Amino acid sequence: MWSPEREAEAPAGGDPAGLLPPEWEEDEERMSFLFSAFKRSREVNSTDWDSKMGFWAPLVLSHSRRQGVVRLRLRDLQEAFQRKGSVPLGLATVLQDLLRRGELQRESDFMASVDSSWISWGVGVFLLKPLKWTLSNMLGDNKVPAEEVLVAMELLKEKAEEVYRLYQNSPLSSHPVVALSELSTLCAGSCPDERTFYLVLLQLQKEKRVTVLEQNGEKIVKFARGPHAKVSPVNDVDVGVYQLMQSEQLLSRKVESLSQEAERCKEEARRACRAGKKQLALRSLKAKQRTEKRIEALHAKLDTVQGILDRIYASQTDQMVFNAYQAGVGALKLSMKDVTVEKAESLVDQIQELCDTQDEVSQTLAGGVTNGLDFDSEELEKELDILLQDTTKEPLDLPENSPETFYTNSVPNPRISDAELEAELEKLSLSEGGLGPSSKSPKRQLEPTL
């Protein structure tokens, strides 16, 4: 259980190496300025004020996020941000500014803002402010005491979302009602202390995602069904199901204990037989049989309880499916509100009529309009016959394609004998070999003999 004395003894964790800004170790002049106190008012030097605030405010929140805590104290921050024996003198001003902006909130104020009747002095969480803090606020002194606990609201919201996801992914989510002690055990790794756990529950209650009720001296928590749904108040069905779940757990623990007792009786009978103590062995076996009969009776009760729970879970699933069907029918009715069979038939007739009209227009445009140029087909046939007759009277003089053709149709094509060609070829051969006319003389142009 948390207490101020135990909390005062807890050491404050320093900021891990390598996570501080670069100037922390490199720029002595800059750090000397940042560790100095703020001016009394921002109007004195707004540039220096904003520079310090822009450095410390994000660092305070990021340090808390890395430590996994949502509760801050000025004393812890001063110890965490010590540098070469010096303590930042302006941290109190930084916390005051964060309080003014709503990023921090006093723990007592946050608890009082939520309907937290289930939190009492018995759990050691709800603590009244010391008298000096109350008097200082009444007198207008907004200084933050070194021991006052502040809550980082953004970090608290993140932690509440983490706890809700943790519950949704656990076997406890089979039913929306769970014992507070079981939920606390589930969240032990996420919430470092009991106070943080209760702050998270208060935040979830503020978001209307959980509700807490005390039943027969034990607190139970009911979760909302979905991540975006609002939790409903705890009703008789929830309480009945919770009691059945508790009975199931109790019967299961009793069966396990009796099974161990039966095994112990069996081992005692075995040892008695080895020692030759027959009567002792028989008594142990009788005790084992009586224990096994009790186990069978408990198993029957456990099966009954589990059967009832299974039916309840099935009915809840059926109810969800029924609600989904009902919502679907309602949506379908709305979407088909203005649609009838008569309207659909009329619409189809209109579409068919428009399609027929479009086909008629297309046919008219394709074959009916020639811009006044209408020709007689018989006259065209007569003119074509006259052209054909003129063509047969004047045959075309087309050249013959023969292998002896050396020129185009515009040049005469005289025939040359083979003897003339051989003589001309011999003259060319002699000329190329140097026995004929000089190569400097103009080459005689070969002309075909007519």
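Modeller: A residue counts as buried under 20% relative accessible area, as exposed over 50% and as partly exposed in between, with a 1.4 Å probe and protein chains only. The model is a predicted one, in which local features need pLDDT of at least 70 and side-chain atom pairs count only at pLDDT 80 or more, while totals for chains, interfaces and linings use all residues. Residues are numbered from 1 along each chain as its sequence is written, and side-chain values use heavy atoms, with hydrogens and water left out.

Biologist: Is Thr196 buried or exposed?

Modeller: Thr196 is found in helix H11 (residues 194-206), helices being DSSP runs (H or I) of at least four residues and strands (E) of at least two, numbered from the N terminus. Leaving aside residues up to four places away in sequence, Thr196 touches Val70, Arg71 and Cys191, where contact means heavy atoms within 4.5 Å. Its relative accessibility is 2%, and therefore Thr196 counts as buried.

Biologist: How is H3 oriented relative to H4?

Modeller: Angles run from 0 to 180 degrees between N-to-C directions of axes, which are lines fitted to C-alpha atoms, for helices over the stretch in contact. The axes of H3 (residues 28-35) and H4 (residues 46-67) come within 10 Å and cross at roughly 95°. Angles under 35 degrees count as roughly parallel, over 145 as roughly antiparallel, 65 to 115 as roughly perpendicular and the rest as oblique. H3 is therefore roughly perpendicular to H4.

Biologist: What is the bridge partner of Val178 in E6?

Modeller: Three strands form an open sheet in the order E4-E6-E5, with antiparallel pairing, and two strands pair if DSSP finds at least two bridges between them. E4 (177-179) and E5 (210-215) are the edge strands, each pairing on one side only. Three bridges join E4 to E6 (residues 218-223), and within E6 the bridge partner of Val178 is Val221.
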